[in-house]
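Student: Can we go through this one together? I would like to start with the strands and then look at some rings.

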Amino acid sequence: MSKSTRSNDPCKALKERINSMEKLLAISRQLTSTLDMHKLLRQIVEAARDLTGGEAASILLVDQGVLRFVAFSGPESSHLSSLEVPIEGSLAGWVVQHRKTAVVNDASEDSRLFSLPGVNSTQSIVAVPMLLGDKIIGVLESLTQRAKHRFTEQDVETLETLASIAAIAVQNIQTFQQNDWIAEVVHEIRTPLTAIISYAELLNRPDLPPDMRQHFLNIIQQESERIMTLVNQFLDLARLSSGRVTLNIQPLMIDAVVANAVDTIRAQALKRQMTLEMDIPPNLPPVLGDKERIQQVLLNLLSNAVKYGGNGVHIRVSVRTKGKEVVVSVSDNGPGIPRKYQDRLFSRFFRLPGSEEVAQGTGLGLNLCRQIVEAHGGHIWVESEEGEGATFSFTLPIAAERAVATWGNSLDVGRESA
């Protein structure tokens, strides 16, 4: 869609314009039909790239005085996950400050461009504000590394229209999520809170035997811890679902993160006569990820295998490469998961029928895993046959050589600290 490929024929140019507007209308319907923030943002950047003929596109949202990448499409995009860009001293920041579109035909001559680690230089870029009345919530960009590429006036108009549609869609989802979260928090906290109040009242009875008093105190403590877990998971999910989570993305050695997670869970597994095995090939490439968040995913999957697998179960953690990704899998030979429930496993508050009899849970852990993995640009899934165990797998992007060089010795530090 570069300038050189467009016709000077007025009739053909009009047809191209009409075609572009039809695509925008179709995209507008798609954007207003989803309440999944990650899916929404991904659709926007893919549309921005395709409609303007760019090689890459991204969205940066304003977050506590900085701009943060929340969605991206194109080569090297995995390096951008949750990177911060200052409002002062960046092109996107200039757009925020002036609430105007910026068109740069030769990035090498524009001092506003902010250098990003592990990303090649940009040749041309269009950055437009995402406006809601007088409020700016972010910046939508389309760019190319092709020499002599020039974005046209139609490209700019298309991107500005898309940014307006996107801003409204983002606000609608954030408003819905806020109301939805409030209702869910109240609903989920009501049960343990009711138990705490009830047992606290029973403790006031003067004729209560000492052993029953201690039993009630233990229940109050357990339910209080349950509320704390719920609140922490709610906060994590709220930040991830809104697209405003801060990830400390850097190259890391996944074998070290896996080993640390297995060591952490080993004591719990031994109490249930379970065996733990790691299948990790040598010379794995580094991945791009937030070490603490990836370990959170692993611990959740391992903890579920321990809680629901049954005594004597064998748990295996394996890692393999597949194309430009690393696949991490946690398998067990436990009771497995009925096929009819597998599509719902990663939904909020879903728990397998009967699982309450085996172990307590919030129904948020797997949804939190999904949000974390998707925030890294990966995906997570389950494979299981009832009575034959289950395998939960997720992917992470492999770090390009440029990213590894940019972060220098942090890989060694990450391995030691893991």
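Tutor: What follows is a short chat about a sheet and a few aromatic side chains, based on a predicted model.

Student: In what order do the 6 strands of the open sheet come?

Tutor: The order is 3-2-1-6-5-4, and the pairing is antiparallel. Strand 3 (84–86) and strand 4 (102–104) are the edge strands, each pairing on one side only.

Student: How many bridges join strand 4 to strand 5?

Tutor: There are 3 bridges between them. In one case, Ala102 has Ala127 in strand 5 as its bridge partner. Helix 3 (residues 91–98) packs on the sheet, and its direction makes about 145 degrees with that of strand 6 (135–144).

Student: New topic. How many aromatic pairs are there?

Tutor: The count is 2. In one of them, the ring centres of Tyr199 and Phe216 are 4.9 Å apart with the planes at 50 degrees, so this pair is tilted. Tyr199 belongs to helix 4 (residues 153–202) and Phe216 to helix 5 (residues 210–241).

Student: Is Phe216 buried or exposed?

Tutor: Phe216 is buried, because its relative accessibility is 8%, under the 20% cut-off. Tyr199 has 25%, so Tyr199 counts as partly exposed.

Student: And what kind of pair do Phe346 and Phe392 form?

Tutor: That pair is edge-to-face, with 6.2 Å from centre to centre and 75 degrees between the planes. Phe346 is buried at 10% relative accessible area, and Phe392 is buried at 11%.

Student: Last one: what lies over the face of Trp94?

Tutor: Arg112 does, at 4.7 Å from the ring centre.

Terms used: Residues numbered from 1 in each chain as written. Predicted model: local features only at pLDDT ≥ 70, side-chain atom pairs only at ≥ 80, totals over all residues. Heavy atoms only, no water. Pairing = 2+ DSSP bridges. Helix = DSSP H or I, 4+ residues; strand = E, 2+ residues; numbered from the N terminus. Contact = heavy atoms within 4.5 Å. Axes fitted to C-alpha atoms, helices over the stretch in contact; angles between N-to-C directions. Phe/Tyr/Trp six-rings, centres within 6.5 Å; stacked < 30°, edge-to-face > 60°. Buried < 20%, exposed > 50% of the residue type's maximum accessible area, 1.4 Å probe, protein only. Lys NZ or Arg CZ within 6 Å of the ring centre and 35° of its normal.
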